[in-house]
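Hi there,

Here is the structure I promised to pass on. Have a look at it first, and then read my notes below.

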Amino acid sequence: MAAAFIELDRVEKVFDVRKKTGFLKRERRQVRAVDSISFTVARGEMVGYIGPNGAGKSTTIKMLTGILTPSGGRLRVAGIDPSRERTRLAHRIGVVFGQRTTLWWDLPLIDSYRLMHRMYRIPDGRYRENLDRLVELLDLSALLDVPVRQLSLGQRMRGDIAAALLHDPDVLYLDEPTIGLDVVSKGRVREFLRELNAERGTTVLLTTHDLQDIEQLCSRVMVIDHGRLVYDGALTGLHEAGESERTLVVDLERELPPIEAGPAARVVRVDGPRQWLAFPASESAAPLVARIAAAYPLVDLSVREPDIEAVIAKMYAERAEQADRAGKAAS
Amino acid sequence: MGEKSRAREGLRAYRLIAGMWIRSTMAYRLSFAMTAFGGVVVTGLDFVAILLMFSQVDVLGGYTLPEIAFLYGLSATSFGFADLAIGSAGRLGARVRDGTLDTLLVRPAPVLAQVAADRFALRRIGRITQGALVLGGALVALDVDWTPVKVLLVPVMLVCGGVIFSAVFVAGAAFQFVAQDASEVQAAFTYGGQTLLQYPPTVFGKELVRGVTFMFPLAFVNWVPAAYVLGRPYPLGLPEWAAFAPPLVAVACCASAGLAWRAGLRSYRSTGS
């Protein structure tokens, strides 16, 4: 087991929100954006950090990068307290903000890299080596002399990722790295991240709304909601935690009343000869298929894997319901 | 990291970023030439207004045209230096609002240096040029008994004035961490203060002069030391040595602006945006 590289111990972030209630009157209210979160990430892990808007994802990333100071708890990245030693930490981390480029808009792409070279004081040899490698892996050679404003969104994202890695950071934070990209660009970015993680052992922490990012990249996923960590574990476990269901789509010879296939499966939809049956994701489909095939005139069938999005949506909904009930009980 | 090495790091980052902005501006050469020219014309008109006034009167608040040109030149030149060096910090509020300040906070360089160099604009040299021309004219036209001390005081005023205005810019930027739409308020103090100093203190009310002397010490940019050079009575009956206070005032302004900046940055990092 590798040593913990990122450590959070009951980290909190409380914001004072002032709401305008009159011409000069302000109502002060405290908002717990991050509420006692603890986790550790080992060197070389690749972790997905997901949650709905306003759940506290960005706040966590901002604390990890030293932009924000936690209101409570203990936080270390590579042994450094981010908010106290922001500039020292900067040399160890790379950050990509999906929606804000750090590249120089009116200058050729290479100029942004030259600035990184000097600002981070990267030794010449290492800079050259890293630049060559990144240009090749991210397919940037034709773009180096193009002003950034002329790059497409996907090209710019690749350019931004390269800029964040020139100084060999130990950890890379990506905030929505595939937002707005087309399928091809997304694939390219994901493939690159996978290689980076596998070959250089760079620890990667990414927030995303695109669950395919998580499915294709992360062995571990953390779900945050209302500032609390509601799930931390393997992606497969998320299905169980969310009690997700698979769907069996059955095409019969003709229209028939809903199939009766035992207690574990239920018909959720009927459309002419086609019927949809839901059954727990943790169970095998084989016995169910056998039962139906024995009793009904079957033409064709297929199994649909649960949509992780649906799983997470269900998880959020359940938590909201719980909170609602708790709230009612308290009042 | 010690203060000294922080300052060195800051200057280095400032140079790097300002260099990038100069090259960015040069991507649009024609636009650069036009805005630079426009800047000189607009600031030039500023002084034309004063000339027009003097076509009707001989003295303004007891000051003659060369004397007012002297005040104007000192104020415009020192303000021009501050505006060129650090004026961009006045746009901090916009960066806080749209969240791009965060991208500066993950860089291994002091934030103040990065903010000051942000959108570094060489065209602001226009204001310095114009101010220097007026000052040069005034120095030629002035009927003053130049002593070595008076001669030495002119460059000291320019340097200290630049530093005092810079401190005002930094303090204004610090305020924008708290009030993100306060760039107008800042402009009232920087650009407004600069315009105020172009006229002699004798034309303003006592309360205003008092405020600009003791609370918000812009009077030390030119009014007080210039009164010594011109042999005029000091505003508010200040003692004679006050003319030599600008270096002290500049240091004090820097110290308070530095504290304000730190407090502002700390509050940003503990509240977010």
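A:Ala310 is partly exposed, because 13 C-beta neighbours lie inside 10 Å of it, and a residue needs 20 or more to count as buried but 12 or fewer to count as exposed. You'll find A:Ala310 in helix H10 of chain A, which covers residues 308–330. Keep in mind as you click around that this is a predicted model.

Now try A:Leu75. Is A:Leu75 buried or exposed? It counts as buried, because it has 22 C-beta neighbours inside 10 Å. A:Leu75 belongs to strand S4 of chain A, residues 72–77. Setting aside neighbours within four places in sequence, its contacts are A:Leu8, A:Val11, A:Met63, A:Pro70, A:Asp81 and A:Pro82. A:Trp105, on the other hand, is 30 residues from A:Leu75 in sequence, and the two are 35 Å apart in space, C-alpha to C-alpha.

Next, the place where the two chains meet. Here 27 residues of chain A are in contact with 19 residues of chain B. On the chain B side, helices H1 (3–25), H5 (101–105) and H12 (246–271) supply at least two residues each. The largest share comes from H1(B), with 5 residues. Sorted by class, the side of chain B that touches chain A has 8 nonpolar, 7 polar and 4 charged residues.

Helix H3 of chain A (residues 109–119) packs with H1(B) at an angle of about 170°, and their axes are 10 Å apart. How do the two helices run relative to each other? Angles over 145 degrees count as roughly antiparallel, so that is what H3(A) and H1(B) are. H3(A) brings A:Asp111, A:Leu115, A:Arg118 and A:Met119 to the contact, while H1(B) brings B:Ala13, B:Leu16, B:Met20 and B:Arg23. Those residues divide into 5 nonpolar and 3 charged, with no polar ones.

Last, some annotation for chain B. An unreviewed UniProt entry lists residues 30–57, 69–87, 128–146, 152–175, 208–229 and 241–261 under "transmembrane region". In the model, residues 69–87 of chain B are 95% helix and 0% strand, with the end C-alpha atoms 24 Å apart. For residues 208–229 of chain B, the figures are 68% helix and 0% strand, with 23 Å between the end C-alpha atoms.

How values were computed. Residues numbered from 1 in each chain as written. Chains lettered and ligands numbered in written order. Predicted model: local features only at pLDDT ≥ 70, side-chain atom pairs only at ≥ 80, totals over all residues. Contact = placed C-beta atoms within 7 Å. Helix = DSSP H or I, 4+ residues; strand = E, 2+ residues; numbered from the N terminus. Nonpolar A, V, L, I, M, F, W, Y, C, P; charged D, E, K, R; others polar. UniProt positions renumbered as here; feature names shortened; annotations may be inferred. Axes fitted to C-alpha atoms, helices over the stretch in contact; angles between N-to-C directions. Parallel < 35°, antiparallel > 145°, perpendicular 65-115°, else oblique.
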